[in-house]
Amino acid sequence: MDTATALDVYTPGDHEASNPMRVVVLSPTTFQDVETNQKYRLYGVDACDLGQTARLGKQTWPCGVVAVAWLVNATLNKWVVCLPVRKDAAVIVARCATGEMADVAGEMLKAGIAITLPDDPDRRIPIYAQLEREARESYRGIWASTFQMPWLYRKSSPNP
């Protein structure tokens, strides 16, 4: 009676998290493992492009630089672990965490630094929409300013 059937044992599938890694930030939503050079992109979110600005009243501010700085602060000298969702070209799209943050993308949304992606495959985490809505209603981060959606900025800018 020691033999277990497939119904007796739950296996979560082939979703294997990365080993803890130190990373270098490449963009507002992408970083690279310093040991393996593997690139990771945060699942489900986008943020101002590095050269992009926003306008708060009469003041222009570098929303892309702020987004990069936020991600650097969140990951610098911290161990990062990612759970891959899919692989796009040379980048692994993943949900990532640090010891201080259970979900880096979720924290970016909460702070008003990131925006949920508009395409359906990346809107599968309901809490992301809720976190963005709360940041927007509280005018946190980017939501206090006038700005172009990052994906539209990249399409309209000759050299984003």
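Two exercises with worked solutions follow. The model is predicted: local features need pLDDT of at least 70, side-chain atom pairs count only at pLDDT 80 or more, and totals for chains, interfaces and linings use all residues. Residues are numbered from 1 along each chain as its sequence is written, and side-chain values use heavy atoms, with hydrogens and water left out.

**Exercise 1.** Describe the open sheet and the helix that packs on it.

Solution. 
Step 1. Five strands form the open sheet in the order 1-2-3-8-7, with mixed pairing (strands are DSSP runs of E, at least two residues, and helices runs of H or I, at least four, numbered from the N terminus; two strands pair if DSSP finds at least two bridges between them).
Step 2. Strand 1 (23-27) and strand 7 (80-88) are the edge strands, each pairing on one side only.
Step 3. Strand 1 and strand 2 run antiparallel and are joined by four bridges; valine 23 has aspartate 33 in strand 2 as its bridge partner.
Step 4. Helix 1 (residues 63-75) packs on the sheet and touches strand 1, strand 2, strand 3, strand 7 and strand 8 (91-98) (contact means heavy atoms within 4.5 Å).

**Exercise 2.** Determine whether glutamate 132 is buried or exposed, and where it lies.

Solution. 
Step 1. Glutamate 132 belongs to helix 3 (residues 126-137).
Step 2. Its relative accessibility is 10%, so glutamate 132 counts as buried (buried means under 20% relative accessible area, exposed over 50%, partly exposed in between, with a 1.4 Å probe and protein chains only).
Step 3. Not counting residues up to four places away in sequence, glutamate 132 touches Leu109, Ile115, Thr116 and Trp143.

Note on methods: Axes are lines fitted to C-alpha atoms, for helices over the stretch in contact, and angles run from 0 to 180 degrees between N-to-C directions.
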